[in-house]
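Thanks for coming, everyone. I have one model to walk through today. Please take a look at it first.

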Amino acid sequence: MRIRYRKKRRKTRKMYGRKYRGYGQVGRHRRHPGGKGNVGVKDHHKIMLLKKGYEFGTGRGFTPHGPRIMWEEINIGEIYEGIISGKIPHKSEKRIIVVDLSDKRYIKILGRGRIEKAIRLILHKSSTITEKAKEKIEAVNGEIVFAE
């Protein structure tokens, strides 16, 4: 047996026969009371937008044009772990591991982590490396080569 529920009727059904259907004689439910679109975001709609998480006051000033350069930062320990796990491609020459990162232009080598074998890092000339990372590479008889 199927139970049939009664559908909720809209307010306008009750308002039939009344001229303005509850919206008043003056306004008559015609205009845009808050303004069209995003009107009023700096005054009467500001509180609503602040509650949603919008921030104001950042619309002026210098706008940088052109491509945005994003630097990729990687620790020396992550490079060594990537070599061991096989995630970073490398070659072995005699007693030194050669890692070619010259295809990545904007890379910064940081000094966190540990390395146990000698590594020769081939970097692009625009890449940078911290002093701590240099010390760790040179401590295990490794090299840093900057290529074009």
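A word on the ground rules. This is a predicted model, with local features needing pLDDT of at least 70 and side-chain atom pairs counting only at pLDDT 80 or more, while totals for chains, interfaces and linings use all residues. Residues are numbered from 1 along each chain as its sequence is written, and side-chain values use heavy atoms, leaving out hydrogens and water.

Overall form, then. The protein has four helices and seven strands. Those are DSSP runs, numbered from the N terminus: helices are H or I with at least four residues, strands are E with at least two. The order from the N terminus is α-α-β-α-β-β-β-β-β-α-β.

What is the radius of gyration? The protein has 33 Å, whereas a compact globule of 148 residues would be near 15 Å. That radius is taken over C-alpha atoms, and the globule rule is 2.2 Å times the number of residues to the power 0.38. The C-alpha atoms fill a box of roughly 95 × 60 × 25 Å along the principal axes. Of the 148 residues, 22% count as buried. Buried means under 20% relative accessible area, exposed over 50%, and partly exposed in between, with a 1.4 Å probe and protein chains only.

Now the core. The largest nonpolar core holds 18 residues. Such a core is a set of buried Ala, Val, Leu, Ile, Met, Phe, Trp, Tyr and Cys residues joined through side-chain atoms within 4.5 Å. Ile76, Ile79, Val99, Leu101, Ile109, Ile119 and Leu121 touch the most other members. Elements giving two or more residues are α3 (76-85), β3 (96-101), β4 (107-110), β5 (119-124) and α4. The largest share, four residues, comes from α3.

Stay with α3. Its buried residues are Ile76, Gly77, Ile79, Tyr80, Gly82 and Ile83. Their cover includes β1 (72-75), β3, β4, β5 and α4. Just after α3, glycine 86 takes a positive phi of about 90°.

Isoleucine 119 has contacts (heavy atoms within 4.5 Å) with Tyr80, Ile83, Ile96, Ile97, Val99, Ile137, Gly142 and Glu143, not counting residues up to four places away in sequence.

On to charges. How many salt bridges are there in the whole structure? The search finds four. The rule is a side-chain nitrogen of Lys or Arg within 4 Å of a carboxyl oxygen of Asp or Glu.

One of them pairs glutamate 72 with lysine 104, at 3.9 Å between the closest N and O atoms. Glutamate 72 is in strand β1 and lysine 104 in the loop between β3 and β4, 32 residues apart.

Arginine 120 bridges to glutamate 93, at 3.1 Å between the closest N and O atoms. Arginine 120 lies in β5 and glutamate 93 in β2 (residues 91-93), so this pair ties together parts 27 residues apart in sequence. Arginine 120 also meets glutamate 143, at 2.9 Å, N to O. Glutamate 143 is in β7 (residues 143-147), so here the parts tied to β5 are 23 residues apart. Shared partners join Glu93, Arg120 and Glu143 into one network.

Last, the surface. Leu50, Tyr54 and Phe56 form a nonpolar patch with about 300 Å² of accessible area together. Leucine 50 sits in helix α2 (residues 46-52). Patch members have over 30% relative accessible area and no salt bridge; like charges are joined within 9 Å, and nonpolar side chains (Val, Leu, Ile, Met, Phe, Trp, Tyr) within 5 Å. Areas come from the Shrake-Rupley method with a 1.4 Å probe; for residues, only the protein chains shown count as cover.
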